[in-house]
Amino acid sequence: MGCICEVFIKIISMFLICYGLKTNALTDDFHSFCSGGPITSNTYQSNLNVLLSSLTNSFNETIVRNGYYNDTAGRKPNAAYGMYQCRGYITLEECRYGVESAAKEVLLRCPNIKQAIITYKELVVLKFSDQLFFSIMQEKPLFTLPNAKSVTNPDEFNPQFDRLANDLVSEVASNGVSSSTSSSTNKRLFATRSIDVTRSQKIYGLAQCTSDLSVSNCTQCLRGEIDDVGKRFRGRIGARVICMSCFFRYELYPLYLPDTTSPPFSSPMIPPSTKTKRKISLKVLFSIIVPSVIVVLSIIVFLYFCKRKKVAKKID
């Protein structure tokens, strides 16, 4: 009986370990980069806290245009500068949740650090720094995530990929020019496109720059990312390239909502809602409680039968 109990305990332990690894994998939605050295000023730390609070609360106080917002907290030499950019096809509520998640996670991944960049599911990019960086093109750090598989028809695929990439860059630039106003952070530097390779194969592409970039800098940034993909991962069935100032992605399946003609960030933010948070929290809670209950009940049932068997032996 002792051996059986040990085996049972090992099985339960393995289940919990595997479940824990699975849960961690599901929540690993971030890419981050820390720089600038440790924070040595309490004033800067205080300003940074105010800044991150401002970024997450921006949805309550203003109109978030084109998914972009920046702010400054404090004065030099301890000023904290920060911004976020959401993908052009997500909703305001998704943008809000992504910004809040990124703001919390960046402090865990880059504690007591002056500068940091973090992305959330590639839908949100958030950055803070002790140096002013607004409207400045930043191609580093660069996160490149290519698909491991290559296409089986490169002679057909590659020319169409080149055409798609060029069309995307041109459309982003055109959208930026047409949406420019007196505000340098109100440009819609975003575009999606698709192109047929064969009757059964289509490439879907997406490109975006932060709304504070000039059109020329945006074009330069995207060209750099596309060239990087072409040189290092040409012929792959998909790839994602993320830097601070721009984002490029292509796949063989749709990446975005079918209708992207109406910018989701063109209207004022609705009053704060907790539906998304509640939905996600319940999902996480459910995924934790159910396996735990199963394990506990299994142990109780097993111990009950063990005890019953011992009692039966004593009676005999």
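Author: The questions that follow concern a predicted model.

Reader: Which residues does Pro-38 touch, not counting residues up to four places away in sequence?

Author: Pro-38 belongs to strand β1, which covers residues 30-38. With residues up to four places away in sequence not counted, Pro-38 touches Asn-112, Ile-113 and Lys-114.

Reader: Is Thr-192 buried or exposed, and what is its relative accessible area?

Author: Thr-192 is part of strand β7, residues 190-196. Buried means under 20% relative accessible area. Thr-192 therefore counts as buried, with a relative accessible area of 13%.

Reader: How many bridges join β7 to strand β8?

Author: β7 and β8 form a hairpin with five residues between them. One of the bridges pairs Asp-196 with Lys-202 in β8. The strands run antiparallel, and the number of bridges joining β7 to β8 is seven.

Reader: Why is the pair of Tyr-81 and Phe-134 edge-to-face?

Author: A search of the whole structure finds 11 aromatic pairs. In the pair of Tyr-81 and Phe-134, the ring centres are 6.1 Å apart and the planes stand at 80°. Planes over 60 degrees apart count as edge-to-face. The angle of 80° therefore makes this pair edge-to-face.

Reader: How many residues apart in sequence are the parts that the pair of Tyr-81 and Phe-134 ties together?

Author: Both Tyr-81 and Phe-134 are buried. Tyr-81 lies in strand β3 (residues 80-86), whereas Phe-134 lies in the loop between β5 (124-129) and β6 (143-146). Because the two partners sit in these separate elements, the pair ties together parts whose separation in sequence is 53 residues.

Reader: What is the angle between the planes of Tyr-97 and Tyr-120?

Author: Tyr-97 and Tyr-120 form an edge-to-face aromatic pair, 6.1 Å centre to centre. Tyr-97 is in helix α3 (residues 92-109) and Tyr-120 is in strand β4 (residues 113-120), so the pair links parts of the chain that are distant, and Tyr-120 is buried, with a relative accessible area of 8%. The angle between the planes is 70°.

Reader: Over which ring does the charged end of Arg-87 sit?

Author: The charged end of Lys-127 sits over the ring of Phe-133, 4.4 Å from its centre. For Arg-87, the charged end is 3.9 Å from the centre of the ring over which it sits, that of Phe-247.

Methods
Residues are numbered from 1 along each chain as its sequence is written. This is a predicted model: local features need pLDDT of at least 70, side-chain atom pairs count only at pLDDT 80 or more; totals for chains, interfaces and linings use all residues. Side-chain values use heavy atoms; hydrogens and water are left out. Helices (H or I, at least four residues) and strands (E, at least two) are DSSP runs, numbered from the N terminus. Contact means heavy atoms within 4.5 Å. Buried means under 20% relative accessible area, exposed over 50%, partly exposed in between (1.4 Å probe, protein chains only). Two strands pair if DSSP finds at least two bridges between them. Rings of Phe, Tyr and Trp (its six-membered ring) pair if their centres lie within 6.5 Å; planes under 30 degrees apart count as stacked, over 60 as edge-to-face and the rest as tilted. A charge sits over a ring if NZ of Lys or CZ of Arg is within 6 Å of the ring centre and within 35 degrees of the ring normal.
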